[in-house]
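Reader: I would like to know what the terms rest on. Please set each value against its definition.

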Amino acid sequence: MSRPNKPVNLMRGWPSPDVLPASLLAASCQRVLSDKAQYTPILQYGADPGYEPLREGLARWLGRHYRVQPDPRRICITGGASQSLACILQSFTDPAYTRAVWVIAPCYYLACGIFADSGLNGKLRAVPEDDEGVDLEALERAIRQVDDEAGSRPETQTFKEPGSHRKLYRHIIYTVPTCSNPSGKTMSRRRREALVHLARERDALIVCDDVYDFLQWPLEGAPTPERPPELRIPRLCDIDLAIGPAANDPQGFGHAVSNGSFSKISGPGVRTGWVEASPAFVNGLSKTASTMSGGAPSQLCAGILSDMVHHGDLENHIETTVRPSLQRRHRLMMDAIREFLVPLGVQTRQSSLSGSQIYGGYFIWLTLPPEHPFSSSSIAEVAMEEENLAVGHGNMFEVLGDEGGARFDKYIRLCFAWEPEESLVEGVQRLARLLGRMQDNVELYRARSSSAQAPEPDSFK
C-alpha cells in the first residue's frame with residue numbers, strides 16, 4: 001500500500017483562505033490610514049478599555065444580534081480570546097484563593113496551558129458534557145465537595161490584592177457554550193440559566209468562549225440573517241446581568257463573561273477580540289497592569305475592524321460568505337461520513353442543539369464503535385503514517401491534570417473549515433479505509449502502533 005502524496009489536514013482549526021476578508025480589511029485600512037483624525041488615535045496608545053468607536057460599534061451589533069440593550073461600558077477590547085482569558089485569570093483569580101477550575105470536557109485543550117501559566121496548574125477538574133451541554137448535577141456535587149473540604153482547612157493568605165476595582169473568585173468554570181470545540185454541542189437555554197444560578201451560589205466565574213455564536217446555520221435551507229430563536233440563545237453573561245447583582249457580589253462584578261474574538265469571522269491574524277460582562281467587571285479587566293502599561297491591545301487592528309463594523313462590511317461578509325461556506329463544507333463532510341464511516345459503526349451528532357435542526361462551528365466529533373480494537377490516538381498515529389492524514393484524537397481534548405475525569409479514547413475530531421472542499425471528502429475516505437484496514441489486521445497494527453508518531457497537537461487549533 002502506497003502512502004498518498006497529498007497531505008490532508010482535518011485537525012487544523014483554521015478558517016479557509018477562501019473566506020478571509022482581505023479586500024475588506026484593505027479597504028478599511030486605506031480609509032482609516034488616509035484620515036489623520038482617524039489614524040492618529042489608532043497609532044497612539046489607547047484607552048485601557050480599548051478603542052471607543054469599536055466598543056460602540058460592537059455594542060450596537062451585539063445588542064442587535066442578542067436582543068439586549070447596547071452598552072459600550074460592558075465591552076473591553078482585547079488581543080483575542082486567548083489573551084483575554086489570560087488577563088481575566090491575572091486579574092480575577094489567585095492560586096491560593098481560587099479553589100478549582102472546572103473545565104467542560106471534552107475541552108479546547110490549548111486553554112489548559114493558559115490556566116497552568118496563571119498558577120492554577122493542579123486545580124483543573126474535568127466536568128463531563130451531557131446532551132444539553134454540561135452535566136450540571138455532576139458539577140454541583142463536585143463543587144460542593146471541594147468547598148466542604150476547603151471549609152475544614154485554615155484560610156491561606158492570597159498572593160494578590162484585587163483592590164476596589166476587582167474581586168477574586170473561588171471557582172472558575174470554563175466552557176464553549178455554543179458549538180463547542182471539539183464536540184459541536186450547544187448548551188440549552190435552561191442549562192445556561194441553571195449554570196448561572198450555580199455560579200452565583202458558589203462564587204464562581206463562568207468564562208465563555210463565545211467564538212462561534214455568529215457561525216451557525218440551519219441543516220435545511222440557506223442561512224439567512226433573520227435567525228430563529230435557536231440561533232440566538234442568550235449568552236450566559238446576559239442571563240447573569242438580567243438577574244441583577246448577587247448577594248455575595250454587592251459591587252456587581254457578575255458571574256459570567258463572554259469572551260469574543262474576530263479570529264473566526266475576520267481572520268486569526270488580526271489578534272483582536274472583546275470581553276462583554278458587567279461594567280464593573282470590564283472596568284476591572286481594563287486595569288490589568290499589562291494593558292495599562294502597553295495601552296489598549298490591538299489598537300491599530302481595532303481601528304480597522306471598527307471601520308468594517310461601522311460600515312456593515314463584516315456583518316455582510318459573515319452572512320454572504322462565511323456562513324454559507326461553512327454550511328456547504330459541513331454538508332459535504334457529513335454526507336461523506338454517512339457514506340463511508342457510518343457503515344463501519346462510527347457515530348456522530350446531527351445537530352448542535354438537542355431537538356433542533358441547526359449546526360455551527362468548525363468541528364465534527366466522531367464516536368468509534370466500542371468494539372473497535374484501537375484507541376483514537378493509535379488511529380491518529382497510523383493515519384499520519386499510512387494515509388498522510390491528520391485528525392484530532394480524543395485524548396488531546398482531555399483536561400490537563402485530570403485526564404481520568406473524562407476519557408475520550410474512542411473519539412476523533414474532524415475540522416471541515418480549513419481544507420479545500422474536495423479534500424474533505426477525500427480525508428473521510430482515507431479515514432474509513434484506515435479504520436477498516438486496522439480492524440481486519442488487528443495483530444499487525446498492535447505490533448506497529450507503539451513505534452508510530454502521533455501528529456504534534458500544539459501545531460493546530
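**Strand β8 and the chain**

Author: S258 stands opposite E276 in β9. This is a predicted model in which local features need pLDDT of at least 70 and side-chain atom pairs count only at pLDDT 80 or more, while totals for chains, interfaces and linings use all residues. Residues are numbered from 1 along each chain as its sequence is written, and side-chain values use heavy atoms, with hydrogens and water left out.

Reader: What makes β8 and β9 a pair?

Author: Two strands pair if DSSP finds at least two bridges between them. Strand β9 (residues 273-276) and β8 have four bridges, in the antiparallel sense, so they pair by that definition.

Reader: Which way does strand β6 run relative to β8, parallel or antiparallel?

Author: Strand β6 (residues 204-209) runs parallel to β8, joined by four bridges. In β6, C208 stands opposite S258 of β8.

Reader: Why is β8 called mostly covered?

Author: Buried means under 20% relative accessible area, exposed over 50% and partly exposed in between, with a 1.4 Å probe and protein chains only. In β8 (residues 256-261), six of six residues are buried. A256, S258 and G260 point one way, V257, N259 and S261 the other way, and all are buried.

Key. Helices (H or I, at least four residues) and strands (E, at least two) are DSSP runs, numbered from the N terminus.
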